[in-house]
Amino acid sequence: MNESPLHPALQTQALTHRRRLRGLSLLLFVTLSGMMMVFMVSAFASGDIANVLLLAVIGLVMLPVMALLGGLLWYLDRRQLRRLSAANHLLRECPSVMARLTPTGRTGRNGILMILEPLLDPPTRPLYALIQPALRTGRLLLQQEITVQWHCRDRQPGSDLVALHDHNALLGRMVEWKG
């Protein structure tokens with residue numbers, strides 16, 4: 001899926017994502033296998049056929065649950081890989097523009113709304129960007145005004161953007177905001 005290696009600023013996000021995904025899958029596996037062990041011990045210790053049948057039913061219910069959780073983990077992995085691949089493509093093909101990101105104070109589930117001001121060739125109307133911080137340092141970084149290298153195809157709402165600040169990549173999207 002990814003023809004070229006990731007930009008160094010994106011590698012930390014990819015490694016953190018992989019580490020979290022592995023930890024989550026290990027947690028799910030240990031939890032589900034521990035539950036099955038408890039059910040098996042209680043079913044075989046009682047010696048009653050009804051408990052063994054109950055164990056079989058619980059085992060049959062656990063199989064689709066494990067398949068659904070595996071599918072969810074696969075989906076999360078694919079979504080993040082596509083996002084990082086698109087950001088890598090932007091970094092490789094679009095020229096960088098020095099810009100200033102200023103927080104507006106509006107944060108939400110989708111990200112942090114920021115005013116984007118190119119230092120050279122300022123636009124006639126303000127540009128807004130919705131930045132999705134991937135790491136904990138991203139949230140702390142976006143609480144203050146910062147200067148970034150901005151990579152974007154065009155300045156239209158809906159286009160993806162990547163902002164580099166001290167070798168940290170901030171991924172987001174241009175938005176139109178009427179405040």
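To begin with, which residue is the bridge partner of Leu113 in β3?

Analyst: In this predicted model, Leu113 has Leu130 of β3 as its bridge partner. The pair belongs to the contact between strand β2, residues 112-118, and strand β3, residues 127-132, where five bridges join the two in an antiparallel arrangement.

Helices lie against the sheet as well. Helix α1, residues 8-46, packs on the sheet and touches β5 (160-165) and β6 (168-175). The direction of α1 makes about 95 degrees with that of β6. Helix α2, residues 49-93, also packs there, touching β3, β4 (146-152), β5 and β6. Between the directions of α2 and β5 the angle is about 75 degrees.

The sheet as a whole is a closed barrel of six strands in the order β1-β2-β3-β6-β5-β4, with antiparallel pairing. On average, its neighbouring strands are turned by 45 degrees against each other, direction ignored. Strands of a sheet pair through backbone hydrogen bonds, which may be of the parallel or the antiparallel kind.

β4 is mostly covered, with five of its seven residues buried. On one side, β4 pairs with strand β1, residues 96-107, in the antiparallel sense over six bridges. Within that pairing, Arg100 has Thr147 in β4 as its bridge partner. β4 is also joined to β5 by four bridges, again antiparallel. There, Cys152 stands opposite Leu161 in β5.

Key: Residues numbered from 1 in each chain as written. Predicted model: local features only at pLDDT ≥ 70, side-chain atom pairs only at ≥ 80, totals over all residues. Heavy atoms only, no water. Pairing = 2+ DSSP bridges. Axes fitted to C-alpha atoms, helices over the stretch in contact; angles between N-to-C directions. Contact = heavy atoms within 4.5 Å. Buried < 20%, exposed > 50% of the residue type's maximum accessible area, 1.4 Å probe, protein only.
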